[in-house]
Amino acid sequence: MTIIRFVLFALVPLFLAAAAHSAHAAGDPSIVTAITQSPGKEGFGLDIDVEGPAKPRLVLLRNPYRVALDFDETLAAAKLPDIAGDKLVKDLRHGLVGADRYRLILTLTRAVRPEMTVTPDGRASRVALRLKPGDDDAFALPQATVTASVATKTNEATRPFVVVLDPGHGGIDNGATGEKGTEEKAVNLAFGKALRDALAKFSGVKVVMTREDDTFIPLNERAAIARRAGANLMVSLHADSIRYKDLRGATVYTLSEKASDSLSRELADVENSADRFAGPEWDQDAPEIHDILVDLVRRETEALSEHFALQLVADMRSGEIRLINNPKRSAGFRVLRAPDVPSILLEMGYLSNPDDEQDLKSAEWQRRLAAILARSIAEFAGRTPAAANP
Ligand SMILES: [Zn+2]
């Protein structure tokens with residue numbers, strides 16, 4: 001899959017140079033045709049001209065402060081302006097982070113108060129981003145305003161936020177087994193369905209499941225499903241066993257080459273061995289390709305995964321879901337390796353602990369956790385205003 005993306009990066013600019021000069025037709029991806037810095041006495045301004053509809057998503061990240069604009073179903077044929085020496089914006093980068101998702105990232109020197117307006121104009125749109133110096137409290141998502149200067153249908157159709165739910169294990173691979181015989185693969189699937197139901201309450205969120213029955217799916221294929229679905233987020237669901245019977249509570253894992261601790265490394269090794277059930281053709285990781293844009297995409301994907309993981313931990317804590325010590329951990333989970341899909345792995349609890357086993361098989365407990373997780377996902381999807389919070 002990495003190879004395909006690499007080819008895409010290489011070819012897109014050529015293809016776009018031609019496409020930008022022809023009129024935009026309904027159903028085609030939108031095209032960013034110009035990015036200009038708007039002069040202003042105070043703060044920083046960027047105007048982004050788009051051929052076709054534009055519905056950018058504003059993402060805020062801390063450490064360092066960054067503002068990202070994600071455009072779904074959009075390609076870019078514009079150069080970045082030279083912003084050298086700007087007081088607020090240190091660095092401006094852009095690239096494709098999916099087959100047709102374009103991202104613009106501004107690295108800031110300090111906290112700002114962001115504002116964004118989208119003005120449709122016939123078949124085109126102009127996105128105006130304005131940043132004013134502000135304190136950390138001001139660094140929060142504003143309501144994106146759409147100025148309907150010309151009544152068009154273009155801004156009505158918005159792409160849903162796609163979340164891929166991945167119930168771990170399945171088929172020949174049972175996963176862990178509890179003292180009372182509870183099978184992890186069944187817990188993961190039941191919870192996946194409960195979460196899908198909980199997410200149905202949020203408009204604009206589309207759920208794709210990697211499995212809906214007791215089927216074995218190799219790890220790389222799970223990540224591939226997320227990429228094919230154009231996922232904005234992937235949540236892999238597990239309830240494993242560990243050597244320490246007393247240990248209980250949930251953990252949120254993100255991907256890292258070096259594990260945060262030995263327990264996490266052990267768990268990732270167990271999870272990654274799930275592919276022993278698969279044929280040899282699944283036995284290898286895709287070859288690593290070192291390309292500056294792939295690295296850029298990977299870094300931003302990691303930042304988004306981290307952002308969601310921290311938010312989820314905070315939401316579970318305030319929802320009184322039991323967590324292990326240091327519940328935000330990381331390890332080299334193979335299933336989380338899609339370079340362009342923010343992904344986390346949730347260990348809901350441990351089947352090796354009798355109390356956790358009791359919770360994990362309880363439909364009521366599952367519904368409670370599903371409601372919390374669904375709200376976190378909806379918040380990450382930008383359905384409610386909220387700031388990143390490490
Ligand atoms: Zn598992």
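Is Arg57 buried or exposed, and with what relative accessible area? Hold that thought while I say what we're looking at. This is a predicted model, so local features need pLDDT of at least 70 and side-chain atom pairs count only at pLDDT 80 or more, while totals for chains, interfaces and linings use all residues. Residues are numbered from 1 along each chain as its sequence is written, and side-chain values use heavy atoms, with hydrogens and water left out.

Okay, back to Arg57. Arg57 is buried, with a relative accessible area of 18%. By buried I mean under 20% relative accessible area; exposed is over 50%, and partly exposed is in between, using a 1.4 Å probe and protein chains only. Arg57 has a partner, too: its side chain meets that of Asp70 in a salt bridge, at 3.6 Å, N to O. A salt bridge here is a side-chain nitrogen of Lys or Arg within 4 Å of a carboxyl oxygen of Asp or Glu. Asp70 sits in strand β4 and Arg57 in strand β3 (residues 57-61), so the pair ties together parts that are 13 residues apart in sequence. Helices and strands, by the way, are DSSP runs numbered from the N terminus: H or I of at least four residues for helices, E of at least two for strands. Asp70 is buried as well, with a relative accessible area of 2%.

How many salt bridges does this rule give? The count comes to 18. Take Arg329 and Asp261, whose side chains meet at 2.6 Å, N to O. Arg329 is in strand β15 and Asp261 is in the loop between β14 (250-255) and α4, so this pair ties together parts 68 residues apart in sequence. Arg329 is buried, at 12% relative accessible area. There's also a network: Asp47, Asp49, Arg126 and Arg130 are joined by salt bridges that share partners. And Glu221 pairs with Arg228 in a salt bridge at 2.8 Å, N to O; Arg228 is exposed, with a relative accessible area of 55%.

Now the metal. Which residues are the protein donors of the zinc ion? They are His169 through NE2, Glu184 through OE, His238 through ND1, Asp240 through OD and Glu271 through OE, lying 2.1 to 2.5 Å from the zinc. Donors are N, O and S atoms within 2.8 Å of the metal (3.2 Å for Na, K and Ca), and water is not among the atoms, so sites may look incomplete. Glu184, in helix α2 (residues 184-199), and Glu271, in helix α4 (residues 262-272), are 87 residues apart, so to speak a link between distant parts of the chain. Both Glu184 and Glu271 are buried.

Next, a glutamate without a bridge. Glu357, in helix α6 (residues 354-360), is buried yet has no salt bridge. The nearest side chain of opposite charge is Lys180, 4.7 Å away; Lys and Arg count as positive, Asp and Glu as negative, and His and the chain ends are not counted. Leaving aside neighbours within four places in sequence, Glu357 is in contact (heavy atoms within 4.5 Å) with residues including Gly178, Lys180, Thr182 and Tyr350.

Last, some backbone angles. Glu73, in the loop between β4 (66-72) and β5 (74-76), has a positive phi of about 50 degrees although it is not a glycine. Glu73 is partly exposed, at 39% relative accessible area. Glu320 also has a positive phi, near 60 degrees, and Glu320 is exposed, at 67%.
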